[in-house]
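Subject: Handing over a structure, with notes

Dear colleague,

Please find the structure just below, and keep it open while you read the notes that follow.

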Amino acid sequence: MNEKTFRVLEYGKIIDMLSTWAQSSLGKKMCLELKPSTNITEVREWLDETKEAFEVVLKWGSVPLDGIKDIGEILRKAKVGFTLTPGELLAVCDILRCSRRLKSFMKDGSKGELYPIIYSIVDSLIAIKPLEEAIEIAIISENEISDRASQKLYGLRRAIKDKNGRIKDKLNSMVQTYSKYLQDPIVTLRGDRYVIPVKSEWKGSVPGLVHDQSSSGSTLFIEPMAVVELNNELKELLLKEKDEIERILAELSSKVDDNRDYLEVNNQSLAYIDFLMAKAKFGLEINGNVPLVNDRGVINIKAARHPLINKDAVVPIDIRLGETFNALMITGPNTGGKTVTLKTVGLLTLMAMAGLGIPTRDGSQVSIFNKVFADIGDEQSIEQSLSTFSSHMTNIVDIIKNVDNKTLVLVDELGAGTDPTEGAALAMALLLNFYEAGARVIGTTHYSEIKIFAMERSGFENASVEFNVETLRPTYRLLTGIPGKSNAFEISKRLGLNDNVINKAREMVSKDAAKFEDVIQNLQNKTSLVEKELDDAERAKRESSEIRKELSEKKYKLDTQRDKLIKQAQEDAKRIVKRAKEESDYILRELNELRMKAIDAATLQEAEEARKKLKDKLDNMVVKDVDTLEYKAGMFPVENVKLGDEVYVTTLAQKAIVISEPDSKKEVMVQVGVIKINVPLSKLMKDTGKKKETHKTGAGQIAKQKSINVSSSIDLRGQNVDEAMYNIDKYLDDVFLSGLEQVTIIHGKGTGLLREGIQSSLKRHHYVKSIRTGEFGEGGSGVTIVEMKK
């Protein structure tokens, strides 16, 4: 790329603006060194990175880069064996902390899938936690090492503190003794030595070493002989402290050098992420978008705005080139925006080739060129005796030497500064030369001959900057396909030129030229009307598209919600079936336990038959509403029950014993064998006949067996609270079935924790009527007496 092109198109100002958004010095350096690339693959990669960075900034504002610094020079110092300063070590620690936080941030959620480019950069960072922690422990600030840096440093600083205290105490007592000889009753420091201010006339009265004197000479700062040795000892401790600090810093510097390769990767990767975030923030600041790029010379920029002009004042323009025509000639009045259009096309092309977002509407397209030439503005040189025309021709000659089919040429007022006839002819010849070389050309002119030339030649097209005849002001809009009027007469009249002069000038213009200008004016008027209608149609189309998009999103949300509800219902059904099977497995295990505990054949056979019957029911179990279960014949619904009632549980199709009063929800606890569950009263029924004897169902036989086998006490000593409560629950089940009214829980005295845990749980147990600590002869505080409910 041509450095003159960068200067003329003000690319450097864009780069300066970009660099202000970088946080680190290395990130700023990357911004300032950013140059356009002529490799389309590289440009597309850059733009993909920028687009992803746009999305990250829009989502989170940025990524956590707090404390990022350039540690390149620090790593070079460590490599050659320098001991790093505390401030330099803190900078290394900041980089490590930033790397760790950034990795943690990007691992959260699905960021790796949404932002693969930035994720891959972050994934290359290496977290070195041991080094980070070592620096954090040892270094407090740029000027302070922590006492915790080493055990030796901690001991030295304790000794220094003690020594300082002893010296001050000694000197304070001497201040009292020698007060009449002192200028002020204070203790001060001179060169790390504690001294007292003695009047010069009394220096012989205070034996010691003179370290300094006041500017007037009236005060001598004397170190009394009584503290010289203490000060010497303090100095030795301070030197040892300094040596220990040097050792600690050298050790940390060595660790930094050991991890230098990893730290260099982190340093470069973090700076590059900072660079990407700067590109995104700058792009959003100028309302930019990431353009499409090609290498075919096609430019289709929509609603382009010059990034250096106030975005609230600039008028967007649409520019096309390289599809149906390769050369565009822009005409129109001065101050109408022709030159700004040239600069906008050139600058946005360079920005896109540098991987930056450009201030255009989404969907804009820019071509990658190997060379961009810009001959814009008056660069006449007095020193080189160059006129305006000569200056332009010097640039044009250089362009002709280098132009090819991968070149964009931007020329302002081609052929100006010399005889109009010759200038126009030369301009047409140059344009034809650029066109035949395959270049893409955009130029500005006032020559009518060039307007006609562009209309007649294939591959050329006219454009104009719109001028409002009513207000006599430019609108700065670009109208492609129509040559522009210079409006010299109208502008001169607006500026106050005499009407007579203007009328005479009109008479001097040939009829054909005047007629041509009138045709142009009519075309501009009609084009403006058509463009207004097109804008209205485009707006209606856009609104229709937005409505369609909104309806599509609503449909998607409804479909998603429906699928979610269906999925939730399926999951609920699965949970119900799973819970039912778990309950069935639990019941089967309990029945197996009963079978194992039963000691006579009758009970064993009954338990086995009950187990087979329940297993058959559970195997054929279908999850359905409990209200659909049929009631057992010969039974009636109950409205109230009392403790000990035998009821029929419709939800289980089993008989059970009521073991609690109805609660506020009208639910009672019932026991089916050894299983206890809460059941609504509405799900219970009673037999219409007399209450059957318990032994006929098998429960009486079990209770009778329990009353024989259950002990009136249980020993829980040596168990923890959880083990004890598990054993108590099983024990009280057996006690309740056996009919025992009082039992003893043996827990021992110990620390009292087991006793407190057991008694706290027993107070809430549904079988327990009351509890008390054992009396003398019962075991005292080592036992708890439990009275059972009947």
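Is E787 buried, partly exposed or exposed? At 34% relative accessibility, E787 counts as partly exposed, where buried stands for under 20% relative accessible area, exposed for over 50%, and partly exposed for what lies in between, with a 1.4 Å probe and protein chains only.

Before going further, please note that this is a predicted model, in which local features need pLDDT of at least 70 and side-chain atom pairs count only at pLDDT 80 or more, while totals for chains, interfaces and linings use all residues. Residues are numbered from 1 along each chain as its sequence is written, and side-chain values use heavy atoms, with hydrogens and water left out.

The chain as a whole

The chain has 24 helices and 26 strands; helices (H or I, at least four residues) and strands (E, at least two) are DSSP runs, numbered from the N terminus. Of the 790 residues in the chain, 41% are buried. The accessible surface comes to about 43500 Å², and carbon and sulfur atoms hold 51% of that surface; such areas come from the Shrake-Rupley method with a 1.4 Å probe, and for residues only the protein chains shown count as cover. If one takes the contacts (heavy atoms within 4.5 Å) with a separation of 6 or more, 67% of them are between residues 24 or more positions apart.

Salt bridges

Side chains of opposite charge can pair when their charged atoms come close. A salt bridge is here a side-chain nitrogen of Lys or Arg within 4 Å of a carboxyl oxygen of Asp or Glu, and by this rule there are 23 salt bridges.

E787, with which these notes began, forms one of them with K769, and the closest N and O atoms of this pair are 3.9 Å apart. K769 lies in strand 25 (residues 768-773) and E787 in strand 26 (residues 783-788), so that the pair links distant parts of the chain, 18 residues apart. K769, at 58% relative accessibility, counts as exposed.

A second salt bridge joins the side chains of E132 and R100, at 2.5 Å from N to O. Because E132 lies in helix 9 (residues 129-138) and R100 in helix 6 (residues 86-107), this pair ties together parts that are 32 residues apart in sequence. E132 is buried, with a relative accessible area of 1%, whereas R100 is partly exposed, at 28%.

E244 and R247 also form a salt bridge, with their closest N and O atoms 2.7 Å apart. Both belong to helix 11 (residues 225-258), where they are three residues apart and thus separated by about one helical turn. E244 is buried, with a relative accessible area of 3%, while R247 is partly exposed, with 38%.

How many of the six residues of strand 14 are buried? In strand 14 (residues 440-445), six of six are buried, and the strand is thus mostly covered. R440, I442 and T444 point one way from the strand, and V441, G443 and T445 point the other way.

Strand 14 pairs in the parallel sense with strand 10 (residues 327-331) over five bridges; two strands pair if DSSP finds at least two bridges between them. In this pairing, T331 stands opposite T445. Strand 13 (residues 407-411) also runs parallel to strand 14, joined to it by four bridges, and L408 stands opposite R440. The chain passes from strand 13 through helix 15 (residues 420-436) to strand 14 in a right-handed β-α-β crossover; right-handed means that, with the strands pointing away from the viewer, the path from the first strand over the helix to the second runs clockwise.

A buried alanine, and the cysteines

A278 is found in helix 12 and is buried, with a relative accessible area of 0%. Although A278 and A22 are 256 residues apart in sequence, their C-alpha atoms are 5.0 Å apart in space. Not counting residues up to four places away in sequence, A278 touches L18, W21, A22 and C31.

C31 itself counts as buried, at 0% relative accessibility, and C98 counts as buried at 2%. The structure holds zero disulfides, a disulfide being a pair of cysteine sulfur atoms within 2.5 Å.

With best wishes
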